[in-house]
Amino acid sequence: MSHHSNGITTMEKLNGHVTKANGSVITKRGDVIKENNDVITRDVPPALMPVVAGLTSKRKHVPYWYLYDTRGSELFEEIITTSKTYGVWQKEYSILQNHSDDIASKTSSPVILVELGSGASSKTRLVIEAMLRRHGSLEFVPVDVSKEHIEEVGQQLERDYEGLTVEPFGGLYMDGLCHLSARNEPKMMLFLGNSFSNTQIHEQVDMMKDIRAQLTTKDRFVIGLNMDRDPKSLLKAYGPQWTPFQKDNCIDRLNKDFDGDMDAAKFDFITEVVENPADGDTPSYVAGYWKSSLAHCVHFRKLGLTLEFQSGEKFWFTEGPSWSCGWNLHQIRRLAERSGFALEDYWTDEDGEYCTACLAPVA
Ligand SMILES: C[S@@+](CC[C@H](N)C(=O)[O-])C[C@H]1O[C@@H](n2cnc3c(N)ncnc32)[C@H](O)[C@@H]1O
């Protein structure tokens with residue numbers, strides 16, 4: 001067995017071939033690595049190639065969206081709606097209870113309601129109701145990587161609301177935006193639940209610019225962002241309660257997708273807070289990872305891949321350093337300005353710990 005600096009070890013006899021892994025072959029997303037040339041990806045669907053790239057990279061990780069299979073989406077919804085310390089769902093719900101009619105008034109009919117990262121759309125129901133009150137009928141396009149989950153949610157929404165048509169798009173955010181670019185009707189685009197904060201800290205302005213590029217000045221972009229920046233409160237909100245979703249279910253998925261023997265009990269779930277200055281453009285953020293509690297090896301037989309973990313080694317469930325963010329109003333305004341939007345309106349909960357902002361694309 002030979003050792004590499006990135007903790008990937010060679011070996012694995014698969015289909016009669018001896019394969020090796022050195023982690024340097026996967027150079028960009030979507031690369032298909034041939035059998036016998038490091039990890040075996042012949043049977044891996046192209047959509048999972050970024051996951052293989054993350055497993056075999058020096059900084060072992062999975063892309064954040066990989067946490068959201070159907071079971072992951074259910075666990076996520078359960079945690080956010082029942083947690084006593086993660087207040088995002090309740091705060092945003094109360095804002096939308098008070099201001100969904102204001103949001104609905106921002107675009108003219110006929111309007112398409114789009115939601116990026118829609119998940120269970122449990123708070124979106126308030127906006128749907130307000131838009132149906134105003135326009136009588138509505139087309140809703142939820143965009144989410146958790147395809148089966150949003151299809152089920154969409155069917156339930158159609159049963160619950162007369163006049164509502166749901167056209168789910170199961171896929172990544174930018175693919176969903178491209179899918180919608182041919183539509184000329186005004187769009188009300190929602191990005192709720194602080195989901196934008198899961199975008200890596202150094203990619204946030206580019207992501208906003210990409211969204212802006214798909215919108216016209218008739219459209220509006222409503223984004224919900226956490227304004228709780230207190231480190232103690234962030235550590236409570238993003239603490240061990242997330243383990244079943246952020247760690248255990250993801251490890252189950254890895255084992256199923258790649259015929260693996262990764263043992264969730266050998267990893268601890270760790271959260272840290274990185275504070276950034278209140279007068280700067282960068283929000284404070286929460287980082288999260290799993291820490292190996294002992295030296296051991298994990299095998300993914302379908303990939304012919306063995307990963308070696310040192311005691312204390314980190315495995316990240318995000319592409320970069322950040323998992324989620326805490327913003328202030330100055331930073332939200334600057335984010336909008338730097339990416340071609342103006343902060344047209346905003347609403348906060350009564351403690352000023354959450355902000356739902358309506359951004360208008362600037363000509
Ligand atoms: C933080 S949850 C928010 C869910 C819901 N909007 C809410 O407010 O409770 C993020 C959602 O975005 C989806 N998601 C995460 N990354 C994604 C990506 N890169 N492209 C598309 N969907 C993604 C997840 O499946 C999940 O439903």
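Tutor: Handedness first: a crossing is left-handed if the near helix is turned anticlockwise from the far one by less than a right angle, and right-handed if clockwise. Helices are DSSP runs (H or I, at least four residues), strands too (E, at least two), numbered from the N terminus. This is a predicted model: local features need pLDDT of at least 70, side-chain atom pairs count only at pLDDT 80 or more, and totals for chains, interfaces and linings use all residues. Residues are numbered from 1 along each chain as its sequence is written, and side-chain values use heavy atoms, with hydrogens and water left out.

Student: Which hand is the crossing of α6 and α7?

Tutor: Left-handed. Helix α6 spans residues 173–180 and α7 spans 204–213. They pack at about 15°, axes 10 Å apart. Axes are lines fitted to C-alpha atoms, for helices over the stretch in contact, and angles run from 0 to 180 degrees between N-to-C directions.

Student: Parallel or antiparallel?

Tutor: Roughly parallel, therefore. That label covers angles under 35 degrees; over 145 is roughly antiparallel, 65 to 115 roughly perpendicular, and the rest oblique.

Student: And α2 with α9, at what angle do they pack?

Tutor: About 165°, with axes 9 Å apart. α2 is residues 70–82 and α9 is 243–258. So α2 and α9 are roughly antiparallel. Their crossing is right-handed.

Student: Switching to the ligand. How many residues surround it?

Tutor: 19, each with a heavy atom within 4 Å. The closest are Gly-117, Lys-123, Asp-144, Val-145 and Tyr-173.

Student: What does the side chain of Asp-144 do there?

Tutor: One of its N or O atoms is 2.6 Å from a ligand oxygen. A polar backbone atom of Gly-193 is 3.5 Å from an oxygen of the ligand.

Student: How much of the ligand's area does the protein cover?

Tutor: 93% of the 590 Å² of accessible area that the ligand has on its own. That is Shrake-Rupley with a 1.4 Å probe.

Conventions: Polar contact = N/O pair within 3.5 Å; in protein donor to acceptor, adjacent residues only side chain to side chain.
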